[in-house]
Amino acid sequence: MTQDEMKKAVARAAITYVVEGELVGVGTGSTANCFIDELALIRHRVRGTVASSEASKRRLEGHGLPVLELNDVERLPIYVDGADEINAAMQMIKGGGGALTREKIVAAVADMFVCIADQSKRVDVLGRFPLPVEVIPMALRHVLRQLAAIGGTPVLREGFVTDNGNLIVDVAGLEIVDAVGLETRINQIVGVVTNGLFASRPADVCLLGTAAGVQTLTAA
Ligand code: 5RP
């Protein structure tokens, strides 16, 4: 199976988690795009969606799927999204597409987080993928200094502005053993909107695309 076929396979498998007649939280990225395309095939079975980015919103609406504002939603049974890395505890690095803040907000509301990923995303230790951090523009220099003090190599993502009008700093060279601790510590830096560690709220299940088919993983 190619990486693309794995993404499509996990997207298809995630459809079984969609609750009949309910809302679906939808992530961002190439794997989430595969899920959106699958969701379009069963659009008559869902009440609507909540999108984690403008790009996903456009794709959902392009398929004729209703997109609701999160503030108009009381309850979200599931959130389906990809990841840049996921470990055995179902903790993730996300934000390769720069949508980490809205992803984290929608995930926080959802009862269940279904991560869909190909096998290249499964790691023992988080941190080989540079950790994205969303930053208020006027705080950039301050945040860069604070992130360097933590031990990583922070680099501004050139020419990129988030859906919230902010910047992304990617922090390379981290070997993340205490993911909850680091998530909390980075979020306490003044000027940081949020960071791409999804450790305090990990995935509930990961549908992992492998050469042998889709594996269903839960926290070890
Ligand atoms: C976007 C994300 C994505 O979920 C993550 O980057 C994975 O993307 P892809 O499915 O394209 O590999 O966090 O902000």
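**Reading the ligand site and the pockets**

By class, two nonpolar, nine polar and five charged residues form the shell around the ligand. Here Ala, Val, Leu, Ile, Met, Phe, Trp, Tyr, Cys and Pro count as nonpolar, Asp, Glu, Lys and Arg as charged, and the others, Gly among them, as polar.

This is a predicted model, where local features need pLDDT of at least 70, side-chain atom pairs count only at pLDDT 80 or more, and totals for chains, interfaces and linings use all residues. Residues are numbered from 1 along each chain as its sequence is written, and side-chain values use heavy atoms, with hydrogens and water left out.

Q: Which residues come nearest to the ligand?
A: A residue is near a molecule if one of its heavy atoms lies within 4 Å of it. Of the 16 residues around the ligand, Ser 30, Thr 31, Asp 84, Gly 95 and Lys 121 come nearest.

Q: Which side chain has an N or O atom 2.5 Å from an oxygen atom of the ligand?
A: A polar contact is a pair of N or O atoms within 3.5 Å. The side chain of Thr 31 makes the 2.5 Å pair. Backbone N or O atoms also come in: one of Gly 97 at 3.2 Å from a ligand oxygen, and one of Gly 82 at 3.3 Å.

Q: How is empty space found?
A: Rolling a probe the size of a water molecule over the atoms shows where empty space is left. A pocket is an open set of points on a 1 Å grid over the protein atoms alone, where a 1.4 Å probe fits, with protein on both sides within 12 Å along at least five of seven lines; lining residues have an atom within 4 Å of a point.

Q: Which pocket does the ligand take?
A: The ligand's space is the second largest pocket. That pocket has a volume of about 210 Å³, counted as the space filled by probe spheres set on the points. Its lining has 17 residues, with Thr 28, Gly 29, Ala 83, Asp 84 and Lys 121 closest to the centre. Helix 2 (residues 30-41) supplies the largest share, three residues.

Q: What lines the largest pocket?
A: The largest pocket holds about 240 Å³ of space. Of its 13 lining residues, Val 50, Ala 51, Glu 69, Leu 70 and Arg 102 are closest to the centre. Helix 4 gives the most, three residues.

Note on methods. Polar contact = N/O pair within 3.5 Å; in protein donor to acceptor, adjacent residues only side chain to side chain. Sits in = over half its atoms within 2 Å of the grid points. Helix = DSSP H or I, 4+ residues; strand = E, 2+ residues; numbered from the N terminus.
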